Amino acid sequence: MKVSMRVNGVDHEHDVEPRTLLVQHLRENLRLTGTHVGCDTSQCGACTIHVNGEAVKACTMFAIQADGAEITTIEGLATNGELHPMQKAFWENHGLQCGYCTPGMIMASVDMLKNNPNPTEEEIRHGLEGNFCRCTGYHNIVKSVKAAAESMQGGA
Amino acid sequence: MIPPSFEYLTPSNISDAVALLQKHGDEAKILAGGHSLIPAMRLRLAEPGYLIDISGIGGLDYIQEESGQLRIGAMTCEAALEESEIVQSKYPLLLDTAKMIADPSVRNMATVGGNLAHGDPANDHPATMLALRASVVAEGPNGTREIKIDDFFPDFFTTALAEDEILTEIRIPSPPSASGGAYLKIERKVGDYAAAAVACQLNIDSSGSIENIGLGLTNVGSTPIRASSAEELLKGKKPDENMLAEAGRLAAADSEPMEDLRGSAEYKRALVNELTQRAIKLSLQRAEGSR
Amino acid sequence: MGKYIGESVLRKEDPRLVTGEAKYLEDIQLSGMVHAVVKRSDYAHAKIKNIDTSEAEKVPGVIGVWTGKDFEDVNPMPCAWQAGGVDNNANTPRVLEIDKVTFTGQGVAVVVAEDRNIAEDASSKIVVDYEELPTVVSAEEAIKPGAPQLHENAPNNICMEWECGNQEGTEKALGEADVVVKEQLVNQRLIPSSMEPRGAIADYQPATEEFTVWMTSQAPHVHRLLATAFVFGIPETKMRVIAAHVGGGFGCKIFLYPEYCLVAALARKIERPVKWMETRSENFASTTHGRDHVTQIEVGAKNDGTINSLKVTTVANLGGTLSTIAPGIPTTLYGRLLSGTYKFPNIYCGVKGVYTNTGMVDAYRGAGRPEATYVVERALDLVANKLGMDVLDVRRKNFIQTNQFPYLPADGITKGLTYDSGDYEKPLNKALQMFNYGNFREEQKRARDEGKYLGVGFSTYIEACGVAPSAWIGVGGEGWGAGLWESANIRVHLTGKVVVTTGSSPHGQGTETTMAQIAADELGIPYEDVEVKYNDTLGTPFGYGTYGSRSAAVGGAALFNAVQKVKQKAVRIGAHMLEASPDDVVFEDGKVSVKGSPDQAKTIQEIAGAAALGYSLPEGDEPFLDETAYFDPPNTTWPFGTHICVVEVEKDTGSVMVKKYLAVDDVGNVVNPMIVDGQIHGGIAQGVAQALWESGEYNESGQLVSGSMMDYAIPRTDCLPSFELDRTVTPSPTNPLGVKGVGETGTIASTPAVVNAVMDALSPFGVTHLDMPLTSQKIWNAIQS
């Protein structure tokens with residue numbers, strides 16, 4: 001089946017099987033391997049991307065469901081070589097170690113701040129319930145999101 | 001990890017969708033948010049030959065008050081419920097429930113209709129709809145019909161929907177003034193299915209006595225359960241600690257939990273008991289607060 | 001101390017990780033690559049009678065379907081660490097099992113197809129005819145007469161019986177104690193659950209008979225050595241192993257797994273690159289698990305709290321077959337740590353390693369030391385409770401005193417290794433400055449009156465890491481089949497830019513950054529001028545990899561020594577350029593200068609340039625600044641510290657909330673505080689998770705009940721608080737950097753702190769001990785009874 005979508009600002013059209021998951025389509029057909037697969041029960045969030053501006057787990061959607069959608073993956077966050085404040089914040093606050101959960105964590109965090117630009121620690125922890133990290137113990141992830149929130153508010 | 005092949009169909013209106021259901025029978029499944037179905041398909045626990053994606057059918061995504069009811073389109077996603085001003089201001093039970101389903105990314109896709117139509121007693125909305133004394137609207141080849149929520153879950157993973165019917169709307173009676181509700185859930189960890197959860201919706205009169213109360217129980221039976229003995233006890237009463245404890249005991253007795261990784265039957269009953277009391281207390285507080 | 005060491009320098013790794021550019025195993029695509037899917041056993045114990053692959057072979061796009069019989073020429077995996085000094089009835093997996101399976105999830109057939117979807121479809125068409133055999137999943141049951149026998153060479157399913165310490169002396173001392181506490185402690189099976197599962201890609205070049213194998217690996221050189229020497233019987237030089245970016249390991253990616261060799265064998269067979277990547281469900285079943293001990297302790301103490309004896313008997317579940325270093329974990333890395341921070345005069349530990357129809361068990365963050373620390377720190381609390389003494393008073397009573405270092409634990413349990421340095425009161429006192437213990441006890445009492453149950457738990461731990469002195473741990477010693485030193489090469493290029501290549505294999509630890517800090521400081525050059533390369537057997541010196549908290553203490557030390565060699569050569573060349581004698585110059589701040597005349601100097605960049613040109617070099621020196629060093633540590637290092645956990649238990653639901661967690665750790669000198677703290681955070685999270693939530697469970701038929709992330713409760717953001725950390729610094733005398741290692745301390749220390757806290761909360765109910773995980777159900781039950 002034909003599927004078209006705009007990914008990170010670029011239009012793509014492909015022929016896919018209906019059963020091709022969106023995450024497979026992005027990784028294998030579009031070669032955008034920054035979105036990762038970490039589980040098979042839609043828990044871990046390593047595959048989190050933005051579909052039409054909202055955080056979605058790309059492993060729990062078929063590519064064809066995203067026909068006509070506007071998609072942003074981790075590769076599309078930085079603009080003109082400038083890291084997104086969330087990416088910077090994760091770097092500056094050691095919010096990652098092995099990096100495998102990080103793209104999904106960053107995408108989920110960006111969406112969370114969109115809806116709640118100045119979250120408390122508790123709200124950050126609730127907001128990232130759907131993203132597992134096994135390395136950091138979450139302490140610095142919370143710090144990173146707080147720092148990003150501050151810098152994004154300040155800069156606005 | 002990867003589902004077996006299937007055909008993907010995108011009807012543009014309900015009657016086309018219904019016709020497809022008729023045509024393909026039990027080989028077909030409705031795809032709404034997909035967050036119950038797709039995980040099952042990835043593990044090859046569900047292998048439908050046809051997926052009927054109804055997300056392209058406009059007009060199924062709304063939250064509005066009409067004719068003394070809150071009407072929610074079946075394709076309304078949980079995040080929309082969380083963000084709705086009407087829900088936030090008048091339906092605390094519904095808000096509590098929506099917030100507890102899985103996690104924020106899942107809630108961007110998962111639909112209220114899907115949560116009900118899946119028929120899983122571990123899902124959160126069924127008990128909530130019992131407490132709200134809601135009804136659902138189903139559309140099939142012979143038109144639409146309204147199904148009371150008490151008739152909607154006859155058995156484990158079974159709903160009252162015929163094979164060729166689609167759930168299109170949820171209807172919740174608008175609460176009178178001085179209403180309150182709450183959904184309390186014990187999970188092993190956030191986002192997990194409930195070890196047990198209790199939904200409570202009530203309204204009080206000027207003296208603080210409960211006029212009407214609905215109590216629904218999640219994941220402590222093969223279907224969601226109405227704690228009717230507790231409801232009968234409390235109707236018309238202003239409960240003290242003893243009566244609340246009795247209500248908890250009755251709700252626990254009405255539940256039929258199975259032992260699993262989340263706990264023994266005895267433990268789950270104890271949770272139902274405790275959560276029932278807390279949910280009623282919180283609902284009463286909220287009702288007082290909303291006078 | 002220079003400009004970089006000791007500073008929280010931001011990581012070099014991060015730009016490629018936060019943008020998604022970094023390539024992990026699954027991201028790698030090779031031209032002509034095909035995909036393998038392994039067919040796995042649904043039975044925990046069964047003979048393989050027949051495998052019908054005919055329907056699978058017919059699926060369009062399938063290149064082939066093979067079974068174990070097609071790989072009889074490929075040897076089984078080696079068990080490279082058999083428990084030292086005792087017989088080991090070793091059994092290891094094959095690339096695909098031929099005769100029988102001994103745990104659910106073992107591979108019995110493989111499909112290779114043009115794409116993964118097709119391979120999965122075809123795999124579901126393979127029909128395996130099994131003859132089911134009775135199963136046993138509990139190690140205690142497996143050693144009883146009449147239990148199902150898994151392996152012919154292991155009567156009563158025993159792999160090995162091992163001991164350390166003095167049994168007779170310890171039992172005598174127990175007899176002389178005023179009180180003896182006996183308890184059974186279960187250290188439950190855990191599933192490492194790194195966010196990236198395992199995978200491998202193999203490419204074979206027939207003309208040169210050379211393999212290139214990408215693996216999710218914590219030790220590419222070791223993987224290469226084991227695969228070539230033992231499994232394929234070919235020279236090491238015929239295989240290159242590459243670890244791409246690795247998404248966490250926590251130990252489970254150290255081992256040589258069947259699938260890694262299977263893809264290599266397939267690539268050789270079909271002469272196309274073959275990729276295999278497991279799903280999370282496969283990861284849960286067939287990647288190694290951790291822990292799984294059942295332990296009986298007997299602790300003897302005098303009425304004043306002095307402990308005079310500790311006797312420990314452990315049955316350790318090793319799983320259905322042995323993973324690469326399985327026998328070493330519940331022996332060397334466990335029994336030898338049972339003195340903890342205490343001067344116990346009599347210690348004995350006896351261990352049985354047992355086969356059962358469960359997944360393979362091997363090292364998982366801490367590897368043996370969490371199990372030991374759990375035993376010791378629970379024992380301290382149990383003794384304190386029995387004597388009605390405060391838990392801290394008993395600890396202080398038994399601490400090794402500062403004037404006793406270097407301390408050799410009793411009864412030879414460490415086989416000669418001494419605790420190099422320590423001051424156990426120091427982190428305890430610092431932690432108590434952060435946490436007002438007296439106030440807490442008052443608050444606890446008030447809370448109890450209100451029906452709220454608060455508890456505080458302590459863990460005053462030690463651990464051994466920076467593994468390890470080669471002779472001590474090696475073949476004549478503890479039984480590890482090779483050395484355990486580490487390597488580093490450093491090159492200063494013509495333009496003065498530096499590349500370090502290391503045998504360490506980081507997978508999230510930030511070693512690329514910390515090694516650059518070390519090299520930059522030692523050479524007096526900008527950090528930006530240093531690149532650190534690793535994870536590829538081509539281009540790095542042989543090293544033993546990253547685990548056991550060794551990459552700073554052993555890998556960093558090797559780098560330090562390599563840099564010293566460069567500095568010494570730089571001094572000679574610089575002196576030559578300055579027409580001075582080497583004795584008259586000094587290397588400082590990135591320059592070689594004449595003593596007393598600092599303006600007569602050559603920078604390291606100038607020296608590197610001269611060395612690279614080679615026009616005029618001192619007599620005896622060859623061109624280029626390029627030095628390699630290997631560091632074999634004379635001892636393990638011994639981090640120690642105090643962790644404090646405060647919990648609140650809800651009586652009516654049994655729920656536990658971690659209200660506060662603080663840690664004061666002494667990990668020696670700290671190269672990068674930010675990275676060190678991050679390791680402690682992550683370690684604490686895993687240790688708390690063991691105490692409260694995680695449990696790898698099998699039912700009686702050997703099915704993994706906690707088989708997905710839905711059922712296996714790894715913690716989410718919401719489950720944990722932020723942590724309060726501080727440190728004391730006691731430099732290690734074992735290596736020139738004075739570092740100890742920190743990757744595992746968080747996990748080792750935290751589990752008993754949490755359990756002790758929950759038991760403290762439950763003490764009004766008369767509960768003295770509950771086994772982990774302390775789920776709400778378990779706690780509720782205990783309160784009810």
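Reader: Okay, so two strands pair if DSSP finds at least two bridges between them. With that in mind, which residue of β22(C) stands opposite C:K591?

Author: That would be C:T603. Keep in mind that the model is predicted.

Reader: Good to know! How many bridges join β21(C) to β22(C)?

Author: Four, and the two strands run antiparallel. β21 of chain C covers residues 591–594.

Reader: What's the strand order in that sheet?

Author: The order is β20-β21-β22 in chain C, an open sheet of three strands with antiparallel pairing. β20 (585–588) and β22 (597–603) stand at the edges with a single partner strand each, so one side of each has no neighbour in the sheet. On average, neighbouring strands are turned by 35° against each other, ignoring direction.

Reader: Which helices lie across those strands?

Author: One is α16 of chain C (residues 551–577), which lies across β20, β21 and β22 of that chain and runs at about 130° to β20(C). Another is α17 of chain C (604–613), which lies across β21 and β22 and runs at about 45° to β22(C).

Reader: Switching topic: I've been looking at α7(C). Is that helix largely enclosed or exposed?

Author: Largely enclosed by the rest of the structure, because 10 of its 13 residues are buried. The buried ones are C:P258, C:E259, C:Y260, C:C261, C:L262, C:V263, C:A264, C:A265, C:L266 and C:A267.

Reader: What covers them?

Author: The cover includes the strands β1 (34–40), β5 (107–113), β9 (199–205), β10 (210–215) and β12 (274–277) of chain C. Helix α6 (220–232) of chain C is also part of the cover.

Reader: And how far does α7 of chain C reach from its first C-alpha to its last?

Author: It reaches 18 Å over residues 258–270, close to the 18 Å expected at 1.5 Å a residue. What follows α7(C) is C:E271, with a positive phi near 55°.

Reader: Now the chain contacts. How many residues of chain C are in contact with chain A?

Author: 42 residues of chain C are in contact with 43 residues of chain A. On the chain C side, α1 (14–18), α8 (280–286) and α18 (673–692) are the elements that give two or more residues. α18(C) gives the most, with seven.

Reader: What kinds of residues sit on that side of chain C?

Author: They divide into 16 nonpolar, 18 polar and eight charged.

Reader: And how many residues does chain B bring to its contact with chain A?

Author: Chain B brings 24 residues, and chain A brings 22. The elements of chain B that give two or more residues there are β1 (7–9), α2 (37–42) and α6 (104–107). The chain B side divides into 13 nonpolar, seven polar and four charged residues.

Reader: Last one, promise! What are the domains of chain B?

Author: The domain assignment gives domain 1 (7–53), domain 2 (63–173) and domain 3 (179–285). The centres of domain 1 and domain 2 of chain B, taken over C-alpha atoms, are separated by 19 Å.

Reader: How many residues of those two domains are in contact?

Author: 13 residues of domain 1 are in contact with 17 residues of domain 2 in chain B. On the domain 1 side, helix α1 (residues 14–24) of chain B gives the largest share, five residues. That side divides into six nonpolar, six polar and one charged.

Methods:
Residues numbered from 1 in each chain as written. Chains lettered and ligands numbered in written order. Predicted model: local features only at pLDDT ≥ 70, side-chain atom pairs only at ≥ 80, totals over all residues. Expected span 1.5 Å × (residues − 1). Buried ≥ 20, exposed ≤ 12 C-beta atoms within 10 Å, placed from the backbone. Contact = placed C-beta atoms within 7 Å. Axes fitted to C-alpha atoms, helices over the stretch in contact; angles between N-to-C directions. Nonpolar A, V, L, I, M, F, W, Y, C, P; charged D, E, K, R; others polar. Domains from an automatic or database assignment.
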